[in-house]
Amino acid sequence: MFLRLAQSRFSEKEMEDINHRIISYLIEKGFLKKADYEKFFPLGHPPPDFSVEEHIIKPGLITVEGFQAAMEGFFGVPFA
C-alpha cells in the first residue's frame, strides 16, 4: 500500500502532513464522518504510529472499498 511505502521514504513530520491531508480529504468528501474521527482521535490528530488499516479500516470507520475509492480520487489515478 502507498502509505507503507511512504512511511519508509518520508520523515515523521512529512508523514504527519500526508496523513493530515488524506484524513481531511476523507472527511471533506464524506468517506469519513468528522464525529467518528473525533471519537477515535480525541486529541484531533492520529497517533505517531498511524496506520490506515489499524486505525481507520479495522475499526470500521471506512471500508477497504471506500478507502480505495477515496485514494483514487485523492491521487487522481485508479488502483488495480
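Analyst: The following dialogue takes up the features one by one, giving the general idea and then the case at hand. This is a predicted model, in which local features need pLDDT of at least 70 and side-chain atom pairs count only at pLDDT 80 or more, while totals for chains, interfaces and linings use all residues. Residues are numbered from 1 along each chain as its sequence is written, and side-chain values use heavy atoms, with hydrogens and water left out.

User: How many helices and strands are in the chain?

Analyst: Helices (H or I, at least four residues) and strands (E, at least two) are DSSP runs, numbered from the N terminus. Here the chain has 5 helices and 0 strands. Its pattern along the sequence is α-α-α-α-α.

User: What share of the residues counts as buried?

Analyst: A residue is buried under 20% relative accessible area, exposed over 50%, and partly exposed in between, with a 1.4 Å probe and protein chains only. By that rule, 30% of the 80 residues of the chain are buried. The accessible surface (Shrake-Rupley method, 1.4 Å probe; for residues, only the protein chains shown count as cover) comes to about 5,500 Å² for the chain, and 56% of it belongs to carbon and sulfur atoms.

User: Which residues have the most contacts inside the largest nonpolar core?

Analyst: A nonpolar core is a set of buried Ala, Val, Leu, Ile, Met, Phe, Trp, Tyr and Cys residues joined through side-chain atoms within 4.5 Å. The largest one here has 18 residues, and L26, L32, I56 and F67 have the most contacts inside it. At least two residues of this core come from each of α2 (12–28), α4 (52–57) and α5 (64–75). Helix α2 gives the largest share, 6 residues.

User: Which residues is I56 in contact with, leaving aside its neighbours within four places in sequence?

Analyst: Contact means heavy atoms within 4.5 Å. With those neighbours set aside, I56 touches L32, F41, F50, S51, L61 and I62. Across the whole chain, among contacts with a separation of 6 or more, 44% are between residues 24 or more positions apart.

User: How should I read salt bridges, and how many does a search of the whole structure find?

Analyst: Side chains of opposite charge can pair when their charged atoms come close. A salt bridge is a side-chain nitrogen of Lys or Arg within 4 Å of a carboxyl oxygen of Asp or Glu. The search finds 3 of them:
- D17 pairs with R21, with the closest N and O atoms 3.7 Å apart. Both residues lie in helix α2, 4 residues apart, about one turn of the helix. D17 is partly exposed at 38%, and R21 is partly exposed at 45%.
- K29 pairs with E28 at 4.0 Å, N to O. K29 is partly exposed at 47%, whereas E28 is exposed at 60%.
- K58 pairs with E54, with the closest N and O atoms 2.9 Å apart. K58 is exposed at 54%, whereas E54 is partly exposed at 44%.

User: Which residues form a nonpolar patch on the surface?

Analyst: Patches are made of residues with over 30% relative accessible area and no salt bridge; like charges are joined within 9 Å, and nonpolar side chains (Val, Leu, Ile, Met, Phe, Trp, Tyr) within 5 Å. In this model F75, V77 and F79 form such a nonpolar patch, with about 240 Å² of accessible area together. F75 is found in helix α5 and is partly exposed, with a relative accessible area of 33%.

User: Where is A69 found?

Analyst: A69 is in helix α5. It counts as partly exposed because its relative accessibility is 36%. A69 and F31 are 38 residues apart in sequence, and their C-alpha atoms are 9.0 Å apart in space.
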